[in-house]
Amino acid sequence: MTLRGRIVLVTGGAKRLGRALALGMARRGAHVIITYRTSAPEARRVVAELTRLGSRALAVRADLSRAADVRALMDRIRRRYDRLDVLINSAANFERSPFRRLTERHWDAALDTNLKGSFLCALYGSRLMRRGKMLNIADWAGVRPYRGYLPYCVSKAGVIGLTKALAKELAPRVQVVAIAPGPILPPERMTPAERRRVVRRVPLRRWGSPDDIVATALFLIEGTDFMTGSVVFVDGGQLIA
Ligand SMILES: NC(=O)c1ccc[n+]([C@@H]2O[C@H](COP(=O)([O-])OP(=O)(O)OC[C@H]3O[C@@H](n4cnc5c(N)ncnc54)[C@H](OP(=O)(O)O)[C@@H]3O)[C@@H](O)[C@H]2O)c1
């Protein structure tokens, strides 16, 4: 499918990877809606950038772990655009939680945003989609968990399962795929020494870039209509390390 004139929703689109995906879609001629939860000024800036690219852009505040917020989001999209063509689930909770200090709160925060939030967006978003694509941003840690992030890793394993189950439920109308990034953008709290340690573990010996994820998303949306239920790893070889 081509993106020109399509209605695309990117969750968590105010910053970082979500922002890059939103701008990448607008550069291909799509009208882009982003969601944010706390980053209102950044969301306003992204809407201005999207508008300059010719997009009928909109930012909506939503806590995606709450069904009422997701329903209100989809309602605004229906009223303004009357449909949705592409959903990109990118918003996530990525909180370090060493095992000995793990609590129910860590579990709920990761699972509610990353898995339940993606599910709610897919459920209510699919009702606005006649045909289209869903992209779930998972993580290589969804198949090979790393230490210190148990709820996050489990949530991303769930996102991979959700992708496959949705692909069956929504075929042949909507194709559902997951992108599993490796190290692309370091969390803001990561020290330079920690960033170098990551590089030593990646076969390609560097961090990737948001452009790698945008290019993959564009391929999955515009490059082929014959993939569904698949997971594409964009991880510098981390999975085979
Ligand atoms: N960065 C990487 O290298 C990397 C690697 C592997 C996988 N990934 C995956 O790629 C995606 C994007 O990564 P990222 O690093 O750009 O993400 P991020 O900065 O950790 O989070 C993206 C946005 O998610 C939003 N968010 C968090 N909880 C939310 C909630 N309950 N409701 C609504 N929005 C919520 C936040 O919005 P506000 O700021 O508005 O609060 C945040 O800006 C994520 O799914 C991540 O797991 C990233």
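Thr103 sits in the loop that links strand S4 (86–89) to helix H4 (104–126). The model is predicted. Thr103 has 10 C-beta neighbours inside 10 Å, so it counts as exposed. A residue with 12 or fewer such neighbours falls in that class. Thr103 and Pro151 are separated by 48 residues in sequence, yet their C-alpha atoms are 9.8 Å apart in space.

Helix H4 packs with helix H5 (residues 150–170). The two axes come within 8 Å and cross at roughly 15°. Angles under 35 degrees count as roughly parallel, and H4 and H5 are therefore roughly parallel to each other. Their crossing is right-handed. On the H4 side, the contact is made by His106, Trp107, Ala110, Leu111, Asn114, Leu115, Ser118, Phe119, Ala122 and Ser126. On the H5 side, it is made by Pro151, Tyr152, Ser155, Lys156, Gly158, Val159, Leu162, Leu166 and Leu170. By class, the residues of this contact comprise twelve nonpolar, six polar and one charged. Pro151, whose C-alpha atom is 9.8 Å from that of Thr103, belongs to the H5 side of the contact.

Pro172 lies in the loop between H5 and strand S6 (174–181). The peptide bond from Ala171 to Pro172 is cis, with omega near 0°.

The ligand is surrounded by 27 residues. The closest are Gly12, Arg16, Leu17, Ala92 and Ile184. H1 supplies the largest share, three residues. The shell divides by class into 13 nonpolar, nine polar and five charged residues.

Arg16, one of the closest residues to the ligand, is found in helix H1. Its phi is positive, at about 50°, although Arg16 is not a glycine. Arg16 has 17 other C-beta atoms within 10 Å and is therefore partly exposed. The class lies between the buried limit of 20 or more and the exposed limit of 12 or fewer.

Arg205 also has a positive phi, about 55°, and is not a glycine. Arg205 is located in the loop between helix H6 (192–201) and helix H7 (210–223). Arg205 counts as exposed because it has 10 C-beta neighbours inside 10 Å.

Conventions: Residues are numbered from 1 along each chain as its sequence is written. This is a predicted model: local features need pLDDT of at least 70, side-chain atom pairs count only at pLDDT 80 or more; totals for chains, interfaces and linings use all residues. Helices (H or I, at least four residues) and strands (E, at least two) are DSSP runs, numbered from the N terminus. Axes are lines fitted to C-alpha atoms, for helices over the stretch in contact, and angles run from 0 to 180 degrees between N-to-C directions. Angles under 35 degrees count as roughly parallel, over 145 as roughly antiparallel, 65 to 115 as roughly perpendicular and the rest as oblique. A crossing is left-handed if the near helix is turned anticlockwise from the far one by less than a right angle, and right-handed if clockwise. Two residues are in contact if their C-beta atoms, placed from the backbone, lie within 7 Å. Ala, Val, Leu, Ile, Met, Phe, Trp, Tyr, Cys and Pro count as nonpolar, Asp, Glu, Lys and Arg as charged, and the others, Gly among them, as polar. A residue is near a molecule or strand if its C-beta atom, placed from the backbone, lies within 6 Å of it.
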